[in-house]
Amino acid sequence: MASEDSLSSNPLLQNFEFPPFDVVDAHHVRPGIRSLLQQLEAELEQLEKTVEPSWTKLVEPLERIIDRLSVVWGIINHLKAVKDTSELRAAIEEVQPEKVKFQLRLGQSKPIYNAFKSIRESSDWKTLSEARQRLVEAQIKEAVLSGIALEDDKREDFNKIEQELEKLSHKFSENVLDATKKFEKLITDKKEIEGLPPSALGLFAQAAVSKGHENATADTGPWLITLDAPSYLPVMQHAKNRVLREEVYRAYLSRASSGDLDNTAIIDQILRLRLEKAKLLGYNNYAEVSMATKMATVEKADELLEKLRSASWAPAVQDIEDLKSYAKSQGAAEADSLTHWDITFWSERLRESKYDINEEELRPYFSLPKVMDGLFRLAKTLFGIDVVPADGVAPVWNSDVRFYCVKDSSGNPTAYFYFDPYSRPSEKRGGAWMDEVFSRSRVMAQKGSSVRLPVAQMVCNQTPPVGDKPSLMTFREVETVFHEFGHALQHMLTKEDEGLVAGIRNIEWDAVELPSQFMENWCYHRDTLMSIAKHYQTGETLPEDVYKKLLAARTFRAGSLSLRQLKFATVDLELHTKYVPGGTESIYDVDQRVSIKTQVIPPLPEDRFLCSFSHIFAGGYAAGYYSYKWAEVLSADAFSAFEDAGLDDIKAVKETGQRFRNTILALGGGKAPLHVFVAFRGREPSPEPLLRHNGLLAASA
């Protein structure tokens, strides 16, 4: 056991205004987390003994427990993502099961559950604020969905199902991974891979070296093709060799569907257990369980998918016709019989001929300092806030990390955030994300203040500056920064003081992408884009014709891309509503049936894409894939409020922005998302703006 003395100096256990990111180290993790869990365990036991169905005797002590754990665990989890070491990883791995065990114990606490039920059933229920009612109902629902309300023997069955499902999805993932690794195609004749860009050839040669062909080079080969996305995609996009494309395509869509890596039985097993779990909890099917914590219902999701599908079908058919005539104009023998392994290749050729935008050539126009200035200017215009550098106020984990204070129009701080922009491959994971450090909370306020202000972190992975050359971004990276800042704004501009439903907490999963996707729309708004797209050396603005191409490329093959997502979403819902495990229809029959209405070129009879559909069998998207589209509808419709007001009318934009701030960004998880949306938009969401932005509206008229 760690000595008292070392615990008293453990930074994880101190009272801090901002997390001590600069001094927390791997050796603090084990003693710090174990001591914290002991403390919280004691607090939980005390709470269970003294609990009463009131705010002060139930919700406030519960929030303190939940908050302490999420803040301290958040610190080490964050460091693992941005400053990883093998020591830190090992320490976290060791204490993780202890933390999970405590969370389960907390989530399945009968006394707490019963106290929340008493509040729900009391005569005072009607007098609670909407936010407090949402908080109570969320706690009850979460407990019910974790099996707490079941009789003992049923609860045992439930826990067995949970464990079994955990194992199966793990196995599913492993099979996909192993099957992907298993395929290797060695090529020695350069003619066979004509058309592939140097970056892909370099990757293939590297793969060959790692498999023992130590003299392989990008130029002379040999080249090894695998089914990993960075290898598979370039082959489908650029390989002129049609036989090669077909071979790689067929291998890709039959992954994990045969031999000892076959996922077929695992999928059936997963679907069977999910249905059993749903029935135990009193639902008709697993989709109803998934929707219990979402904004949509099964019917509403179905209805939306069908609306979008019928609007996308004709444009998708037209996309294929366009490809055929383009392939014909290029003298392609296969022009009249284009099939799955031709589509990506010819789309890429057509895109190059119509909107040849070289991402790399645009970088000089998007330097990080100018992009951030433009983003903060936009936030000031829309939401009346000032983002001010506050470096030095809070400790950081790397000298490149910036710290900002967000002030309201009277100059009072309302929030803070960290921004860690550059990639550090040796210690930082890829991608971009936003996370909370502290949520806004009345209960957790420091002495002398009425509320604890929210603190967020934004992390990206951009090219670091070199010498006096700033970090230069691709347009995609610009969209990403706007996206993550949208999430951060909803966390930081919340006006909700109940910590457990403030900011992004308790917002339904299919609504949480609204502000992030909403912010992305501004990247295509002429004035906003032109104000940030200035050449870092000459200061000249992005040429008009390039802007037009960016705009046009946004809707290129929109019908086809929309149908692809709709197919995934529809198969997912079908399998979790109507499909009967072990019945007359197999999972592949369901897939073929759905494809009749969602694929212009029918899938091959031997298509086994379901065997690698990890999103729904090994990720969090079971009966939830539709939420990608659902959130797009909300965000496009929210942006259309600004279009309706007039994007060039600065007064109208400011008024609409203020309304967005006071509803979508302010109300957090304290109000049902549909009500929040209606409060902003004056009506329920409509899919029309999304179809219009995607250039699909004419088709549905």
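Colleague: Is Cys611 buried or exposed?
Modeller: The model is a predicted one, in which local features need pLDDT of at least 70, side-chain atom pairs count only at pLDDT 80 or more, and totals for chains, interfaces and linings use all residues. Residues are numbered from 1 along each chain as its sequence is written, and side-chain values use heavy atoms, with hydrogens and water left out. A residue is called buried under 20% relative accessible area, exposed over 50% and partly exposed in between, with a 1.4 Å probe and protein chains only. Because Cys611 has 0% relative accessibility, Cys611 is buried.

Colleague: What is the relative accessible area of Cys405, and how many disulfides are counted?
Modeller: Cys405 is buried, because its relative accessible area is 6%. A disulfide is a covalent bond between the sulfur atoms of two cysteines; here a pair of cysteine sulfur atoms within 2.5 Å is required. By that rule the number of disulfides is zero.

Colleague: Which residues does Leu40 contact beyond its neighbours within four places in sequence?
Modeller: Leu40 belongs to helix α2, residues 26-50, where helices (H or I, at least four residues) and strands (E, at least two) are DSSP runs numbered from the N terminus. Leu40 is buried because its relative accessibility is 0%. With contact meaning heavy atoms within 4.5 Å, the partners of Leu40 are Ile65, Arg68, Leu69 and Phe102.

Colleague: What separates the C-alpha atoms of Leu40 and Asn77?
Modeller: Leu40 and Asn77 are 37 residues apart along the chain. Their C-alpha atoms are separated by 19 Å.

Colleague: Is the peptide bond from Gly221 to Pro222 cis or trans?
Modeller: Pro222 is placed in the loop between α8 (198-210) and β2 (223-225). Most residues other than glycine have a negative phi, and most peptide bonds are trans. The bond from Gly221 to Pro222 has omega near -5° and is cis.

Colleague: What is the phi of Arg557?
Modeller: Arg557 sits in the loop between α20 (544-553) and α21 (558-577). Arg557 counts as buried because its relative accessibility is 15%. Although Arg557 is not a glycine, its phi is positive, at about 55°.

Colleague: What is the phi of Ala623?
Modeller: The loop between α23 (614-617) and α24 (627-645) holds Ala623. With 0% relative accessibility, Ala623 is therefore buried. Ala623 is not a glycine, yet its phi is positive, at about 50°.

Colleague: Which residues does Asn521 touch, not counting those up to four places away in sequence?
Modeller: Asn521 lies in the loop between α18 (514-520) and α19 (526-532). Its relative accessible area is 6%, so Asn521 is buried. Glu436, 85 residues apart from Asn521 in sequence, is 24 Å apart in space, C-alpha to C-alpha. The residues that Asn521 touches are Arg554, Ser635, Phe639 and His693.

Colleague: What radius of gyration does the chain have?
Modeller: The radius is taken over C-alpha atoms, and the globule rule is 2.2 Å times the number of residues to the power 0.38. For 701 residues, a compact globule would have a radius of gyration near 27 Å; the chain agrees, with 27 Å.

Colleague: What share of the 701 residues is buried?
Modeller: The chain contains 28 helices and seven strands. Among its contacts with a separation of 6 or more, 72% join residues 24 or more positions apart. The buried share of the 701 residues is 52%.
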